[in-house]
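Let's take a walk through this structure together, one stop at a time. Have a look at the picture, then follow along.

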Amino acid sequence: MPTLVCIRHGQSQWNLENRFTGWIDQDLSPTGEVEASNAGSLLHKEGFEFDAAFTSVLTRAIHTLDIVLNCMGQSWIGVTKAWQLNERHYGALQGLNKAETAEAHGAEQVHIWRRSYDTPPPAVSRDDPNWPGNDRRYAAIPANQLPLAECLKDTVDRVVPYWTEHIKPLVAAGRRLIIAAHGNSLRALVKHLDNIGDDDISGLNIPTGVPMIYDFAQDMTVKSRRYLGDAEAIEAAAAAVAAQASGKS
């Protein structure tokens, strides 16, 4: 039975500071490193083995994957880094404190920017340092493919084709894969795999540092999606993500 493991990166420094991060490169906080280590230890204990791994080109996801694989004694496996698995680009909100932004623009407006399916936040300009075209890791990507700001729909539009072309065929062939990515890039993937409606995806909250396991039938239809670990702790972690998204934390 084909299986895929996904993990949202551990807490980053800007998660800790309650800032919009998006494509800004931030490393893990000490708590995030512990979350990644715990995830790797749990996967090792449960006997998971991987043939290859995928991650974004952002340090917090790369570092999470490194820690997970090191804890599993599997640092030697091949890793593919893809910008298509990046977090969604929060445009001009990147770097701003979320609570202060809610005070300036209203909590309802900020919630729309954060959780509506097809309403992007204010865009950056192409001469802004936070536009990806000014970062050399994206130098080979055509400028018209690099976002000025993204809603979740935009993230779906880049994650799903990458899944379909590069990852799904490997899973279907029996390769054991792990993806370390971000809250919104993983929400985009879950939306596609679980066929979640546009209006319902806003209610999906993926906790940081918790392995999410997909089991597929041979035809690659989803048989189940589950989290690995203590059910109460996972529920509490997801509730914390929901509270942050609603501006209650």
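Is Gln26 buried or exposed? Gln26 is buried, because its relative accessible area is 16%; buried means under 20% relative accessible area, exposed means over 50%, and partly exposed is what falls in between, with a 1.4 Å probe and protein chains only. Before going further, a word on what you're looking at: this is a predicted model, where local features need pLDDT of at least 70, side-chain atom pairs count only at pLDDT 80 or more, and totals for chains, interfaces and linings use all residues. Residues are numbered from 1 along each chain as its sequence is written, and side-chain values use heavy atoms, with hydrogens and water left out.

Back to Gln26, then. You'll find Gln26 in the loop between helix 1 (13–16) and helix 2. Helices here are DSSP runs of H or I with at least four residues, strands are runs of E with at least two, and both are numbered from the N terminus. If you set aside neighbours within four places in sequence, Gln26 is in contact with Ser12, Gln13, Trp14, Thr21, Thr59 and Arg60, where contact means heavy atoms within 4.5 Å. With Trp14 there is also a side-chain to side-chain polar contact of 3.4 Å. That term stands for a pair of N or O atoms within 3.5 Å; within protein, one must be able to donate a hydrogen and the other to accept it, and residues adjacent in sequence count only if both atoms are side-chain atoms. Gln26 and Ala61 sit 35 residues apart in sequence, yet their C-alpha atoms are 9.4 Å apart in space.

The loop between helix 1 and helix 2 also holds Asn18. Asn18 has a positive phi, near 60°, in a residue other than glycine. Asn18 counts as buried because its relative accessible area is 16%.

Next, on to the helix pairs. Two packed helices are described by the angle between their axes and the distance between the axes. The axes are lines fitted to C-alpha atoms, for helices over the stretch in contact, and the angles run from 0 to 180 degrees between N-to-C directions.

Start with helix 2 (residues 30–45) and helix 3 (residues 59–72), whose axes come within 8 Å and cross at roughly 40°. That makes helix 2 oblique to helix 3; under 35 degrees counts as roughly parallel, over 145 as roughly antiparallel, 65 to 115 as roughly perpendicular, and the rest as oblique. On the helix 2 side, the residues making the contact include Ala36, Gly40 and Leu43, and among those on the helix 3 side are Thr64, Ile67 and Cys71. By type, the residues of this contact split into seven nonpolar, six polar and one charged. For that count, Ala, Val, Leu, Ile, Met, Phe, Trp, Tyr, Cys and Pro are nonpolar, Asp, Glu, Lys and Arg are charged, and the others, Gly among them, are polar.

Further along comes helix 4 (residues 98–105). Asn97 caps its N-terminal end, with a side-chain oxygen 2.9 Å from the backbone nitrogen of Ala99. Just after helix 4, Gly106 takes a positive phi of about 95°. The axes of helix 4 and helix 5 come within 6 Å and cross at roughly 120°, which means that helix 4 is oblique to helix 5.

Ser116 counts as buried, at 18% relative accessibility. A polar atom of the Ser116 side chain lies 2.7 Å from the backbone oxygen of Ile112, and the side chain of Ser116 also reaches the backbone nitrogen of Thr119 at 3.3 Å.

Pro147 lies in the loop between helix 5 and helix 6 too, and counts as buried at 10% relative accessibility. Leaving aside neighbours within four places in sequence, Pro147 is in contact with Trp23, His89, Trp131 and Pro132.

One more helix pair to see: helix 6 and helix 7 (residues 183–194) pack at an angle of about 70°, with their axes 8 Å apart. The two are therefore roughly perpendicular to each other. Residues of helix 6 including Leu152, Val156 and Trp163 meet residues of helix 7, among them Ala188 and Leu189.

Our last stop is Met220, in the loop between strand 5 (212–216) and strand 6 (222–227). Met220 has a positive phi of about 70° although it is not a glycine, and at 11% relative accessibility Met220 counts as buried.
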